[in-house]
Structure formats: structure tokens, C-alpha cells
Amino acid sequence: MPSSRPPSITTGSKPYPHDHAPLTPSGLRKSRTVSTSTASDDMSGDSAGPSTRHDLSHDEPDETTSLLHHEHEHVHDGPCDHGTFSPRESSPPPRAGNADVESGSVADSDTSVPSSEMQLKGNWRKTFSNRVKSKKMTDSSNLAQQHGVKDSWGMYLSYYIPFLIWIKQYRWSWLRGDFTAAVTIASMYLPMALSYADNLAHVPAINGLYAFAINPLIYALLGSCPLMVVGPEAAGSLLVGSIVKNSIDLGRGDDDNAVLQAEVAGVAVGIAGATVLLMGVFRLGFLDSVLSRPFLRGFISAIGVVIFIDQLIPVLGLHRVARTAEGVTHGSTIQKLEFVLTHLGDRHKLAAMVGLVGFVVIMVLREIKRRLQPRYPAVAYFPDRLIVVVLSVVLAWALEWEQGGVPVLGKIEAASGHVFTFRNPFQLSHMTHIRDAMGTSFLIGMLGFFESSVAAKSLGGEDIVEGMQLSPNRELVALGAANLVGACFMAIPAFGGYGRSKVNKSTGGKSPMSSVILSMITIICILFLLPWFYYIPKPVLSALIMAVAWSLIEEAPHDISFFIRIKGWTELSLMAVILAVTVFFSLNLGIAIGIGLSLLQVIRHATRPRIQILGRVPNSDRFANAEEHPEDLEFVEGCLIVKIPEPLTFANTGELKNRLRRLELYGTGKAHPALPRLRSQASNRNVIFDIHGVTSMDGSGTQVLEEIVRNYRDRGVRVFFSRPVSRQNKVWELMERSGIVELVGGRHRFVDDVKDALRMTEVEDFEETGACAAASDELS
């Protein structure tokens, strides 16, 4: 029935001020002519709603209806064998779950059927297996059974211990590539491990080798990325060094107490490993997406700056002067930079020459390799860092640099006097160290996992070992277990690194066996080759670290230019804040502020409702977001159509009422609440919620939605829901239990599309108009 309302919404005889409705509102509701029979059909509670209508015209069974017929009725002549549910000559075999019922039904027969208790006793292994399995494992078992796939405990055990997968598929032809890759990585990164431990972590140098002897071996057993190689990194080592420095500043010991420093490092790495392991056990692998790319880039760049300036002191031969200067060794980065600039005249000339020449040679060889590698891939095998270290050792021994004042690594030995000394990092005597290291250790674990996740995602797509699937949760377990075991031997933290793993891939690595071989090579070095490291000049080790720090810094300009190009000022501000706070104050404060700002962004994004007001696309039954281009859409008279495109949880429903109220008043969420009302109350007589995106709800979201619907009902506003989920979904169950279905008027208010809801509003407007006309006729 055509509506008698004018095109614009009016109040009384005067148009409503600031009327939001367009001059030509949608004619969708006016174009429908609904008969009384149609209205009754649409409002039938049994047929309307998201579920499919059922034909109830067939006869209902009663007590006399037999369960099994010898002759079946057919809807057509001939055999009826073309469908899944076509009648068969015999009934299907009974299910195991009905054993009790069936045994009771044949109790009088000669054949005896075992009871369910006897079946459980006979199949105790299967019963125990079903009780131990998780729900997903049980569902997988049922799925495998349906498809005829063998399901066994070995399959699940292999999934959680990938070593059982790749060792069965290992080929002898892979051994050459794995061995070559392991030797190449050892030649390049074992000197780096010594430098990380001595210069950054401030622990005995052998603790850096422990990280290559233990962690890659454990990861090869449990890791899900075949080509990733774990090892010590500059960032984690620097954070361990900050914990050791803080322990010394608090009076726990002095700079020469190697045993204390190793114990503190073991405690820090143990906490980091335990944290990461527990995150994997509780399936928190999704956390690798919590911290944003700008945070990671700003933090890594800040670490690069801190390391570069920190290593300028030994490279320039200022190590002796720095020990006597107050507040330099444990000072901030800006204090160290000021010290370097003001004490250049006090440098040790021979040490400065060794350090600077070593840094220049390393950078030149690095650049040559980078330019030649695309044309000559074999250049990747060239051990440039090992050659620099070996030449410096030979020159230091031949020219007696130690007597000339150049510091050398010296005798490498364990703090306890014995290699691979086991020490529990969580014993009660270490409780003070545990409290001091708790916060920074958690960050070591998180940062290591993020870096490992980036490397694994870049390398995990290679289909080298069939059946090894990359899993963030299993990566957490593998990394946590590796560091937990390493902490028992006071190793520095070791996680996956993209650069090291890329070298492994480019030099022939095919499987985790390269990590196993790397661990064996490192153990051989610890047991037999430590005396050969005596003459390694410390300025050369610092030059190696400065080259790594430079590689961390040089990646920042690309990201900065990208964010400038897209005008990402928020991201650039976050990077700048982290860098400034880290350089001018401390690394821990920069990390804390960066994480705080990143989490605030995540919370702000998660708690903001994304509801939209919909308008009709002219000459169609399609609807679109009216806030983007309102001039191109038509608004349906008397109806507020709101789309909820996301699940409703406690996080995003806190502001849902306010956002919805703003749509009622202004027709948009962009209006300032200081404005007067722009939509009349008559424009909101019917509220239609498009809930196609509401795939889940929690208790808080359900409660807020119930309060919204109840408020509309008390105000006399009709509420409809379009495109609801299936009635088998938990969302529908929550709506029924909370009373939302009853509040809106029944199941018939849940329709399949927005246009169906608009048709129902027209029907109910027609009925109200007819009732009012009949009442006025009676009064007259």
C-alpha cells in the first residue's frame, strides 16, 4: 500500500529542523504491496526466520507405526536408488553407541550381546586414548575415520616432535649441503658469539659458545621451520648485559665477578625461556601480531644505535679511559657519545688503528659480497669474517699486540672452572636475581620470538620436508625449551635470526641436520680449540658487532621513506619516541614506552565499534555504508538500518550504545556530539540490525545487546534482525537464552535479508494504519 507520508520527515505541520532525510527518500517500502495473507505468512513464528521452512503436511507417526517396513512407499514408479536417503531393503548396521539398547531388545534370543561395561574393559586402550585426546584431536580422528585415513598416536607425536618427521625422510644426498652450511655458519658466527658474550652480555666468552652448542640442537628436535638456525643475537645479548649491569649497580657483585655474571645471565635466560615455553603451551602464538611493525623497526633501530655507540669505546681504544671515568661504563647512550667526542685525544693509537681498520675491512668485504652474490652465488660461501679474525689473531701473535696495549680475548674458560656445568637457574638462592630480571627477561623472550617469527615466516614456506607445517605455538615451545636448557648451562639467549637462516639456505642447507652439525662443531671448539682464541683482539670483535649494528640501522631509512610516502605520521612518531627515549635515557625505558604505546593502539583499535548506517543504492535492493558517500544513496523513510560487521565482545561493546545513539541523532558517527539533533524521532520508528558479521558473542556483548533491544522496546521502536547466523550457532543460542528473541517479538523478526525486514516494517505499518482507521470510524 503506498504510503501517505511526504518525502521529507515532518513533525507536526513544520519540517523538522536540520532534517537528515534526503528530499527523495527510498521508495523501497512504497513499492511493496502486501496482502493480508502475505502478512500472516511472514509473521508466522514457525516459518519465518533464518531456518528453512519445513513441509508438515505428511502424517505424523504414532504407536502403531512400525520402525522397519518390508515394503517401502515410493513417490514414483520403479526403483528408488538415486539418492542418499532413498529407502533400502535392509536397515543400516547398528551404531556402537546403541549397544545397550540393542542388547536389551534381543534379550530373549539365543545370541548373547556383550554389555557396554564388558566392551569398555575389552577396549581399555581405546577408552584411555579417547579420554586423553583433546577435542580437536578427537574431531580429527573422526574425520580421518570418515575418509579411511589411518589415525594413530604416532601421527600426533610426530606433529609435536618434528624430528620424528624429518629424520625419516632424510637423504644422504642432503648431508653435503647441510655440512657445508653448518661449517659456513660456524666460521661466520662463532666469533660473533664470543663478541656478544664478552662485549654485550658482559659474561665469560664461553657462554656465547654455549648458545650455539645447545640451542640449535634442541630446536632441531622441536622446531617446525627446517631451515631456521637459532643462535645469539645482538638485541638479546644487550638486554642480558643491562640486567648484569643493573645487578652490579645494586651491589650484588662487582665487574670482575665472572661467576655472578654467569649466574645472572642464566637466570635471565631461564625466565625468558620459561615464559616463551608457557606461551606455547597455552597457545599464545597469535601474540606475534600484537606489536606493530613501526614498534619493531623503531626498537631494532634504537638497539643498533645503542650498540654502535657502545662499541665505539673499545674500537677507538678508549676502554682504559672509560673505566676510570665516572658514569660512562653504566651510563646512557648519550653520555657515552659525549665521552667519545670529548676524549678522542686520549685514545690508544694502536688499538684504535686495529679496530678501525678491522671495521673498514669488514664493511668493504660485506659490500663486495652483496654486489657479487647475484651474479656469482658461490660468493656466499666466502668466510669474510673468519678471515678477518684469523688474520688479526696471526698479527696479534706475531707482532705481540698484547704487550703493545691492545686488549685480547685472553684465556677462555668457564666461570665455574669446568665446561658445561649444570646449574638450576630457578633455585631459591637466585630469588633476588629472579626479581631483578623478571621484566627485562620477559622482553627478551618476546623480542626473540618476534624476530624468530619473521624468519620462520620468510623461510617456512619451502616444501623441503613433507609434513612439517609451520606453527607459531610449536615455535614458542621449541624456542622456549631450547633457551630453558641453555639457561641450565648459563648460555646467553638464542633465537632464530633471518640473516643467519638465509646463509644456511643459500649455502646448501636442506634440513635441521645443519643445526645438529653446527652444535657438534661448536662442542668440538669448546672441548679442543679454546686455546686458539687467546689472541683474538677485542677491538676486532667490537668491529664485528659494529658491522651488525650498522646492518640494523641501515634498514630504517626504507621504512621511514615508506611511512612518509603514505603519510603515516603515527607510525613515524612511535619510531621517533622509541629511538629518542632509548638514546637519551635507557634501553629499558624505551622498550617500556614503546610497548605501552603499541598496546594502547591495539586496545583503541579493538574497543572501537565499527557499526555503520546503511543506505539503499538507487534502483536496486542493495545497501551500502551511508557515511562514505551519503549523496549517492537513498535513506528509507522511518527506518534506521545499522550494520554490525564484527563479533560482539566485552572489548568493542563498551561504546556501542553511544555510537548507536549518535547514529540515531545525526545519521553518522562522524558528527560532534555538541550538534543539535539532525534526525527526527520518526526516522527511527524501525531499527534493523544487519548482523551478518556477528559470528560470535561473549556474555558481556550479549548483555549489552539485550539492554539495547530492551530500551528500544520500551520506547516503542520495532527491532528487526537481518542475516542472522544459523540456529545451530552459539550466537543464536545466546540470543534465545538472554531473551533477545522474545523482546523483539519472536523468531519471525529474524529475516534473511534487509529487504525482507523492510517488507515486514511496511506490513506492520499497514496494520497499524488500518487499526487506527477502524478505531476512528467507530468513534465517528
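I began with helix 20 and listed its buried residues: Met513, Ser514, Ser515, Val516, Ile517, Leu518, Ser519, Ile521, Thr522, Cys525 and Ile526. Buried here is under 20% relative accessible area, exposed is over 50%, and partly exposed is in between, using a 1.4 Å probe and protein chains only. Helices (H or I, at least four residues) and strands (E, at least two) are DSSP runs, numbered from the N terminus.

A note on ground rules: this is a predicted model, where local features need pLDDT of at least 70, side-chain atom pairs count only at pLDDT 80 or more, and totals for chains, interfaces and linings use all residues. Residues are numbered from 1 along each chain as its sequence is written, and side-chain values use heavy atoms, with hydrogens and water left out.

Back to helix 20, residues 513–529. I looked up what covers its buried residues, and the cover includes helix 7 (163–169), helix 8, helix 9 (206–222) and helix 19. Helix 20 has 17 residues and spans 23 Å from first C-alpha to last, close to the expected 24 Å; the expected figure is 1.5 Å times one less than the number of residues.

**Helix 14**

Next I took helix 14 (333–342), where Thr333, Lys336, Phe339 and Val340 are buried. Looking down the axis, I get these buried residues within an arc of 120 degrees, so they line one face of helix 14. The arc is taken over the directions from the helix axis to the C-beta atoms. On the face turned away from the buried side I find the exposed residues Glu338, Leu341 and Thr342. The buried residues pack against helix 10, helix 12, helix 13 and helix 23 (569–584), with contact meaning heavy atoms within 4.5 Å.

Thr582 sits in helix 23 and counts as buried because its relative accessibility is 1%. Setting aside neighbours within four places in sequence, I see Thr582 touching Ala302, Val306, Thr333, Leu587 and Gly590.

Gly590 is at 0% relative accessibility, so it counts as buried. With neighbours within four places left aside, Gly590 contacts Ile578, Val581 and Thr582. Its C-alpha is 7.2 Å from that of Leu579, 11 residues away along the chain.

Pro676 lies in the loop between helix 25 (656–666) and strand 8 (686–690). Its relative accessible area is 43%, so I log Pro676 as partly exposed.

**Pockets**

Last, the largest pocket: about 1500 Å³ of space. A pocket is an open set of points on a 1 Å grid over the protein atoms alone, where a 1.4 Å probe fits, with protein on both sides within 12 Å along at least five of seven lines; lining residues have an atom within 4 Å of a point. Volume is the space filled by probe spheres set on the points, with points joined across faces, edges and corners.

I count 40 lining residues for the largest pocket, with Tyr498, Gly499, Arg500, Ser551 and Glu555 nearest its centre. Helix 19 gives the most to this lining, 6 residues. The lining splits into 20 nonpolar, 7 polar and 13 charged; Ala, Val, Leu, Ile, Met, Phe, Trp, Tyr, Cys and Pro count as nonpolar, Asp, Glu, Lys and Arg as charged, and the others, Gly among them, as polar.

The second largest pocket holds about 1200 Å³. Its lining has 35 residues, and Asp198, Asn199, His202, Arg323 and Lys538 are the closest to its centre.
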